[in-house]
Amino acid sequence: MTVTVSMHFVNALFNNLPNSATPPTRYLERAGISPFLLAAPHGRVTVAQFAELYRVLVNELDDETPGFFSRPLRGGALKLLCLSMLDAPNLQVALHRYTQFFRILLDDFGYAFSVQGNLARMALVERRPLVGSRILIHELMLKLFHGIASWLIARKIPPILMECAYAQPPHSADYLYFYPGTVRFDQRQTAIYIDRGLLDHPIRQTKKHLGGFLKRAPEDWFYVSFEDHLLSHRVREHLTRHLRTAGTVHSVADALHMSARTLARHLKQEGTHFQAVKDEYRRDYAIQALTCSEKPLINIAEELSFEDLACFSRAFKTWTGNSPAAYRKARTAGNVS
């Protein structure tokens, strides 16, 4: 999976942690993340690296929501949650059990599920001030719900609307891939809306599927491509397969059976544009290659259709604030000069 996330998610995870003799750099090293990124204002890590860091912290703290709440969710809590929903007759009953589970286990946080016309709404409820980083908790706990609900019925559930009870954060560009659909900030309550018709869907998963789902968490539900619903996701998926041979706006538009003007109009409606989608893909591919492979820089530049290494280096520094050589060096050295 060639996707990266803002260092906001990493830094906010550490802000949640209780005082510990273990420095953050030790956790980063175990997750394969260069410590220099903690001080890199535009640094990014792969989804796989973030997921590994999350798992490291969960195991270290014996808390499946590491430092989020005043009461930890001990190891096995999410497994019991999923087991409680597997024999539900449909998704609506399963989601009722989901809200009840958190009402029983947590004092300061919960969920509120409701149906409003053609939409089903799952909202976050803060019963008291949260212990950890509030925005991160809202982001991840909503993704947890969305991921489990999608897994239960074995299909991607497209969010129709997401409301955020906080101001638009600097890393909100990532939301195009985490919360595909309309996103509104400065709302009264953080909530996600889905099609009411999905509530009647039967539960498709069984106990034999649960172990793999939990083992991969949160990677499987942190990022999900909705290329069948969002044009920006279709463009990214096309670039993933055809960047070197058909990576121009006109070739992509032709492949998607539309004009370049139509492509631009639809991407604008999704809050983005072709060059942004292309650069995000190239940025993410480059970070993945630099941190997870030994490919020479010139080869990475060629694979991403840059004219030469200098052009690649300038673009990468614009995207991340650091040169590709610095990213690679930091993987082993742990710092940037």
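Student: Which residue does Tyr111 stand opposite in strand 4?

Tutor: Tyr111 stands opposite Leu124 in strand 4. Keep in mind that this is a predicted model.

Student: OK. How do strand 3 and strand 4 pair, parallel or antiparallel?

Tutor: Antiparallel, over eight bridges, with strand 4 covering residues 119-126.

Student: And what's the strand order in the whole open sheet?

Tutor: The five strands run in the order 3-4-7-5-6, and the pairing is mixed. Strand 3 (109-116) and strand 6 (182-184) stand at the edges. Each has a single partner strand, so one side of each is left without a neighbour in the sheet.

Student: By how many degrees are neighbouring strands turned against each other?

Tutor: On average 15°, with direction ignored.

Student: Which strands does helix 5 lie across?

Tutor: Helix 5, residues 91-105, lies across strand 3 and strand 4. Its angle to strand 3 is about 155°.

Student: And which strands does helix 6 touch?

Tutor: Helix 6 packs on the sheet and touches strand 3, strand 4, strand 5 (161-163) and strand 7 (191-195). The direction of helix 6 makes about 145° with that of strand 4.

Student: Let's pick a residue there. Is Ser150 buried or exposed?

Tutor: Ser150 sits in helix 6, which spans residues 134-152. Ser150 counts as buried because its relative accessibility is 12%, and the cut-off for buried is under 20%.

Student: What is Ser150 in contact with, leaving aside neighbours within four places in sequence?

Tutor: On that basis, Ser150 is in contact with Arg155, Lys156 and Ile157.

Student: Switching to the core. Which residues touch the most other members of the largest nonpolar core?

Tutor: That core has 107 residues, and Phe50, Leu53, Tyr98, Phe102, Tyr111, Val235 and Leu263 touch the most other members. Helix 6 contributes the largest share, 11 residues.

Student: What does Phe102 contact, sequence neighbours within four places aside?

Tutor: Phe102 is in contact with Leu73, Leu81, Phe109, Tyr111, Met141 and Leu144.

Student: Now the rings. How many aromatic pairs does the structure hold?

Tutor: There are 21 aromatic pairs. One of them is Tyr54 with Phe68, an edge-to-face pair at 6.4 Å centre to centre, with 75° between the planes.

Student: Where do Tyr54 and Phe68 lie?

Tutor: Tyr54 lies in helix 3 (residues 47-61), and Phe68 is in the loop between helix 3 and helix 4 (77-86). The pair therefore ties together parts that are 14 residues apart in sequence. Tyr54 counts as buried at 9% relative accessibility, and Phe68 is buried at 0%.

Student: What about the geometry of Phe101 and Phe102?

Tutor: Phe101 and Phe102 form an edge-to-face pair, 5.3 Å centre to centre with 80° between the planes. Both residues are buried.

Student: Which residues form the aromatic cluster?

Tutor: Among them are Phe9, Phe50, Tyr54, Phe68, Tyr98, Phe101, Phe102 and Tyr111.

Student: Last one: how many Å apart are Ala276 and Thr25 in space?

Tutor: They are 32 Å apart, C-alpha to C-alpha, and 251 residues apart in sequence. Ala276 lies in helix 13 (residues 274-292) and counts as buried at 17% relative accessibility.

Notes
Residues are numbered from 1 along each chain as its sequence is written. This is a predicted model: local features need pLDDT of at least 70, side-chain atom pairs count only at pLDDT 80 or more; totals for chains, interfaces and linings use all residues. Side-chain values use heavy atoms; hydrogens and water are left out. Helices (H or I, at least four residues) and strands (E, at least two) are DSSP runs, numbered from the N terminus. Buried means under 20% relative accessible area, exposed over 50%, partly exposed in between (1.4 Å probe, protein chains only). Contact means heavy atoms within 4.5 Å. Two strands pair if DSSP finds at least two bridges between them. Axes are lines fitted to C-alpha atoms, for helices over the stretch in contact, and angles run from 0 to 180 degrees between N-to-C directions. A nonpolar core is a set of buried Ala, Val, Leu, Ile, Met, Phe, Trp, Tyr and Cys residues joined through side-chain atoms within 4.5 Å. Rings of Phe, Tyr and Trp (its six-membered ring) pair if their centres lie within 6.5 Å; planes under 30 degrees apart count as stacked, over 60 as edge-to-face and the rest as tilted.
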